[in-house]
Amino acid sequence: MAKNVKNTAYADDENIGRIQISEQVVSVIAGIAATETDGVDSLIGNITTEIVAKLGINSLSKGVKIKMLDDTVFVYLTLNIRYGCSVPEVCRNVQEKVANAVETMTGLSVAEVNVVVSDVTVDKK
């Protein structure tokens with residue numbers, strides 16, 4: 001296991017051992033769920049993820065920040081919405097889809113999904 005990996009752990013029902021899920025795994029799950037939501041054009045990352053993307057390395061967790069306290073997850077997303085879509089509706093759908101995906105795939109509890117809309121994009125014709 002890599003050093004300095006932030007993770008959470010919980011014992012399963014049969015006490016067979018520990019299960020650890022890194023913040024990176026939760027971040028990728030949240031990022032994929034968000035980008036699969038109708039009306040979302042893209043996620044926006046920080047300068048480091050933007051440079052990595054320019055180098056051709058695709059980061060599935062771009063624009064996603066995760067905070068974990070024990071088995072509780074706080075998700076922070078920054079995204080672009082397509083022009084013509086209802087911003088509040090798209091954001092609510094993102095919140096529901098991300099929370100559902102993280103909870104279903106990890107068994108962790110999602111306390112918050114916070115969404116920041118950075119821009120509105122227009123389809124190029």
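This report walks through the fold, the nonpolar core and a few individual residues of the model above.

The model is predicted, so local features need pLDDT of at least 70 and side-chain atom pairs count only at pLDDT 80 or more, while totals for chains, interfaces and linings use all residues. Residues are numbered from 1 along each chain as its sequence is written, and side-chain values use heavy atoms, with hydrogens and water left out.

**Overall fold**

Let us start with the chain as a whole. The protein chain has three helices and six strands, where helices (H or I, at least four residues) and strands (E, at least two) are DSSP runs numbered from the N terminus. Along the sequence they follow the pattern β-β-α-β-α-β-β-α-β. Of the 125 residues, 33% count as buried; buried means under 20% relative accessible area, exposed over 50%, and partly exposed in between (1.4 Å probe, protein chains only). The accessible surface comes to about 8,100 Å², and carbon and sulfur atoms hold 50% of that area; the areas come from the Shrake-Rupley method with a 1.4 Å probe, and for residues only the protein chains shown count as cover. Among contacts (heavy atoms within 4.5 Å) with a separation of 6 or more, 63% join residues 24 or more positions apart.

**The nonpolar core**

In soluble globular proteins, nonpolar side chains tend to be buried together. Here the largest nonpolar core has 26 residues, and those with the most contacts inside it include Val 26, Val 73 and Val 102. Such a core is a set of buried Ala, Val, Leu, Ile, Met, Phe, Trp, Tyr and Cys residues joined through side-chain atoms within 4.5 Å. Helices H1 (23-35) and H3 (87-106) each supply at least two of its residues, as do strands E3 (40-43), E4 (64-69), E5 (72-82) and E6 (109-121). H3 gives the most, with seven residues.

Val 73 lies in strand E5. Leaving aside neighbours within four places in sequence, the contacts of Val 73 include Val 26, Ile 66, Val 102 and Val 110. Under the same exclusion, Val 26 is in contact with Val 73 and Val 102, among others.

**Helix H3**

Just after H3, Gly 107 takes a positive phi of about 80 degrees.

**Individual residues**

| Residue | Relative accessibility | Class |
|---|---|---|
| Val 73 | 0% | buried |
| Cys 91 | 12% | buried |
| Cys 85 | 31% | partly exposed |
| Asp 70 | 66% | exposed |

Asp 70 lies in the loop between E4 and E5. Most residues other than glycine have a negative phi. Asp 70 has a positive phi of about 55 degrees although it is not a glycine.

Finally, a search of the whole structure finds zero disulfides, a disulfide being a pair of cysteine sulfur atoms within 2.5 Å.
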